[in-house]
Amino acid sequence: MAYLALIVEDVVINKWELNQDELLIGRVKYCDIHIEDRAVSSKHARLTVKEVPYEQGGNVVLLEDLNSTNGTELNGNLVSRQLLKNGDIIKIGFNQFKFVEGSTLNLDETAVIVG
Amino acid sequence: MNYQVSTLSEKGNFRSNNEDAIAYGVNDKLNITWMIIADGMGGHLAGEVASSLLIDYIEKEIVQLDAKPESGWCRWIAQQIVSANEIIFEHAHKQDECKGMGTTGVVVIFDKQQCSIGWVGDSRAYLLRDSQLSLQTEDHTMIQYLLNKGAITANEAEKSNTKNLLSRAIGSKKDVEVDTISYHAVQGDTVMLSTDGLHDYLTPTEITEHMKEFASLAYANVAHEVAGISLCKKMTEQAITQLSKDNLTLGLISITE
């Protein structure tokens, strides 16, 4: 299962499993990834999870900017549509997210020491 | 001073093993009452090993103690946790299956009117006095760390679903920093030590009500042991109902006179 992790100073402060076909990122409350930040548009970006044909369980994740006011950055560049790869950094408003593919990010333990 | 004590440690409904541990006792020679709680972490059974190593070490040291530490209880607790850290860290490096293990830990010692607490990690000590609940420990989590330095807001911290990321643990690194607190204890105080599988799934109001009930049981003094464990059970069951998927452990201590 892929994750989108919200990062502050290299620490994951929130994570979302990409477990549905589409996830909306934005400032309005009904967004799947709801961000309270004035620099974020109401409906800012969308993540679409697509199955890879002929590959059992294989998925790709597409990031799309929804004509947001301040744009969506992927690894420092403004993008409109882009397939994500493991470790990509997405910046939306003042928020920095990391895309983590598969089970490489295990946050399900009782407690994990970091730093 | 007299103390009424009840403890419970439950595996819960989702974990295959219980990585939490708790112990308490009285050192008659020194007339002190103590309790320690731990929440282990690490793959396979390593978490269990780490929490047991901590509990066993601290218990052995308290039981053997035949004089009160000149430098005070807080310093003594911190020194014992630092020593336990070395033992757990070395064990983890000798045994492949224990690599990366660690544990949280809270130690409380009551010596007459003084209550001393030392801790590492996100296990907690609460105090109920005059029906007011106060958290005596501050979680050593990355979220708390970011909140303290102003990198995130209280709202962001509250909404975080990664509160389990620890900034400190016992045995995970060669060195560990222990926080301590000491306060003047009075008759009627009730202290609760708990692991996150319990306190993360009960509201402060619910914790207050349960601790008040424990305090009243302690005063009634009728079949206290059974009633106390039954209350602990009620608390763990409530946390499980409120979606705790972790191990759950708590220890309650009331000062009755």
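Surface patches are made of residues with over 30% relative accessible area and no salt bridge, where like charges are joined within 9 Å and nonpolar side chains (Val, Leu, Ile, Met, Phe, Trp, Tyr) within 5 Å. Lys and Arg count as positive and Asp and Glu as negative, while His and the chain ends are not counted. This is a predicted model, in which local features need pLDDT of at least 70 and side-chain atom pairs count only at pLDDT 80 or more, whereas totals for chains, interfaces and linings use all residues. Residues are numbered from 1 along each chain as its sequence is written, chains are lettered from A and ligands numbered from 1 in the order in which they are written, and side-chain values use heavy atoms, with hydrogens and water left out.

In chain A, a negative surface patch is formed by A:Asp21, A:Glu22, A:Asp32 and A:Glu51. One of these residues, A:Asp32, sits in the loop that connects strand 3 (22–26) with strand 4 (33–34) of chain A, strands being DSSP runs of E with at least two residues and helices runs of H or I with at least four, numbered from the N terminus. Because its relative accessibility is 35%, A:Asp32 counts as partly exposed, a class that lies between buried (under 20% relative accessible area) and exposed (over 50%), with a 1.4 Å probe and protein chains only.

Strand 3 of chain A is itself largely enclosed by the rest of the structure, because 4 of its 5 residues are buried. Strand 3 of chain A runs antiparallel to strand 5 (residues 45–51) of chain A, to which 4 bridges join it, and two strands are said to pair if DSSP finds at least two bridges between them. With strand 4 of chain A, strand 3 of chain A pairs in the parallel sense over 2 bridges.

Strand 1 (residues 3–8) of chain A is mostly covered, with 6 of its 6 residues buried. In a regular strand the side chains alternate between the two faces of the sheet. Here A:Tyr3, A:Ala5 and A:Ile7 point one way, A:Leu4, A:Leu6 and A:Val8 point the other way, and all are buried. Strand 1 of chain A pairs in the antiparallel sense with strand 2 (residues 11–17) of chain A over 6 bridges, and A:Val8 stands opposite A:Val11 in strand 2 of chain A. These two strands form a hairpin with 2 residues between them, and A:Glu9 in the turn has a positive phi of about 50 degrees. Strand 1 of chain A is also joined by 5 bridges to strand 11 (residues 95–100) of chain A, the two running antiparallel.

A:Glu9 leads on to chain B, since B:Lys149 forms a salt bridge with A:Glu9, the closest N and O atoms being 2.7 Å apart; the term stands for a side-chain nitrogen of Lys or Arg within 4 Å of a carboxyl oxygen of Asp or Glu. B:Lys149 is partly exposed, with a relative accessible area of 45%. Within chain B, the side chains of B:Arg15 and B:Asp246 meet in a salt bridge (3.6 Å, N to O), and both residues are buried.

Notes:
Areas by Shrake-Rupley, 256 points an atom, 1.4 Å probe, with all protein chains shown as cover. Charge placed at Lys NZ, Arg CZ, Asp CG, Glu CD.
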